[in-house]
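Please look through the sequence and the structure before reading on.

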Amino acid sequence: MAVQTQEQRADEAAAAIRHHYDVGNDFYRLWLDDSLSYSCALWDGPDDTLERAQERKLRHHLDAVRADGARRVLDIGCGWGAILDRLAVQHRVGQSVGLTLSEEQAAYVRAQGLPGVEVRIENWMHHQPAEPYDGIISIGAFEHFARPDESPAEKARIYREFFERCRGWLHDGGALSLQTIAYANMSPSDASSFIQQEIFPNADLPTFAEIAQAAEGVFEIESVGNGRLDYARTLEEWGRRLRANRELAVEVAGPETVARYTRYLKLSALGFRMGKLCLLRLVFRPYSARLFDARGVTPR
C-alpha cells in the first residue's frame, strides 16, 4: 500500500465526515434533542428524558475540564456546538475553539454568534493553537481517527500522536475529557461491514487497551467509565423519534437514507446491549513536567 501524506489522510477523513454529518441539519433535528447532541447521553433513572440526559452528559465533560474557571477551551469534534454554547453562555469562558470537518456543522455554529467562540473546519492533526488551553473536550471524534485497513502499529501511532498533541496544547494543570465508542467483547474483524462502509466509512474503533497504552507516560487516567447501556438507550430513543417522524424524514433526506439510519440505530443499540461495544468516558490529567520530560516526550 502506498504511504499516505498527512494531507491525503486529512482529505479522506473530511470526506468521510461529510458523508455522514452533511446529510442535512433538518434531518438530524427530527430525532436528536434540541441541543443536537449526537453522542451518548448520560441517563439517570427510568423516568429520565433524552433532553435531561444530554444536558447531564454535557455537564459531565464541562465539570471534568473545570469550565467555570477556564480561560481557553478546545472542543475536538464540536458537532453542532452544544459544548461551545455552554462554554460561552453558562461558563463565560473567554475563548473557545471548536474543530469540525463538517461544513454544515461549522455554518450552524457560526450562525449562533456565540461570544468568544471560533469554529474551524480543521483536522486535529493540523491544529496549532497560539496559546495553551485550560481544557480539551472531545466527544465522539476519537472513533474517526483510525481506519479499518490500518495495522495495530499504525493505529497505536495515531492514537499516541493525538495524546501527545493534546498534552502539548494543555497547561500543566489542564484536563482532557474524552468520550468514545470502543470495541468490547468482539474482535475488530467481526465489525459490521454495513456500519463501516455505509454509515461511518474509513472509521475504526479503538479498544480500551489501545487508548491506555497510547496515553501512558503522557496523561494520568483520572477516571474511566463504561456507559454502554446509556448508549443503547440513547440509540433506541433516537430510533423511536426517527420512526415517529419518518414521513418528514423521508421528505428531507429520502427513503434510502431513512432506512439506512433506522437499520444503523437498531444494530448499534443491539451491539451495546450485548456488550460487543462499550462507551468510554475518560478524564485525563497531564503528568507533571518532570515526569513528562523524563519519558522523552517534549510538550509542543
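## Surface and overall make-up

What does the accessible surface of the protein come to, and what percentage of it belongs to carbon and sulfur atoms? In this predicted model, the accessible surface is about 13400 Å², and carbon and sulfur atoms account for 48% of that area.

The protein has 300 residues, of which 53% count as buried. Its secondary structure consists of 12 helices and 7 strands. When contacts between residues at least 6 apart in sequence are considered, 75% of them join residues at least 24 apart.

## Asp 75, a buried charged residue

Asp 75 lies in strand 1, which covers residues 72–76. Although Asp 75 is buried, it has no salt bridge. The nearest side chain of opposite charge is that of Arg 86, at 9.6 Å, whereas a salt bridge requires the charged atoms to be within 4 Å.

Leaving aside residues up to four places away in sequence, Asp 75 touches Ile 83, Leu 84, Val 97, Gly 98, Leu 99 and Ile 137.

## Ala 249 in helix 10

Helix 10 spans residues 246–253 and contains Ala 249. Ala 249 counts as buried because its relative accessibility is 0%, and the cut-off for buried is under 20%.

Ala 249 and Phe 27 are separated by 222 residues in sequence, yet their C-alpha atoms are 5.9 Å apart in space. Phe 27 is also one of the residues that Ala 249 touches, beside Leu 30, Leu 242, Gly 254 and Val 258, when residues up to four places away in sequence are not counted.

Technical notes. Residues are numbered from 1 along each chain as its sequence is written. This is a predicted model: local features need pLDDT of at least 70, side-chain atom pairs count only at pLDDT 80 or more; totals for chains, interfaces and linings use all residues. Side-chain values use heavy atoms; hydrogens and water are left out. Helices (H or I, at least four residues) and strands (E, at least two) are DSSP runs, numbered from the N terminus. Buried means under 20% relative accessible area, exposed over 50%, partly exposed in between (1.4 Å probe, protein chains only). Lys and Arg count as positive and Asp and Glu as negative; His and the chain ends are not counted. Contact means heavy atoms within 4.5 Å. Accessible areas come from the Shrake-Rupley method with a 1.4 Å probe; for residues, only the protein chains shown count as cover.
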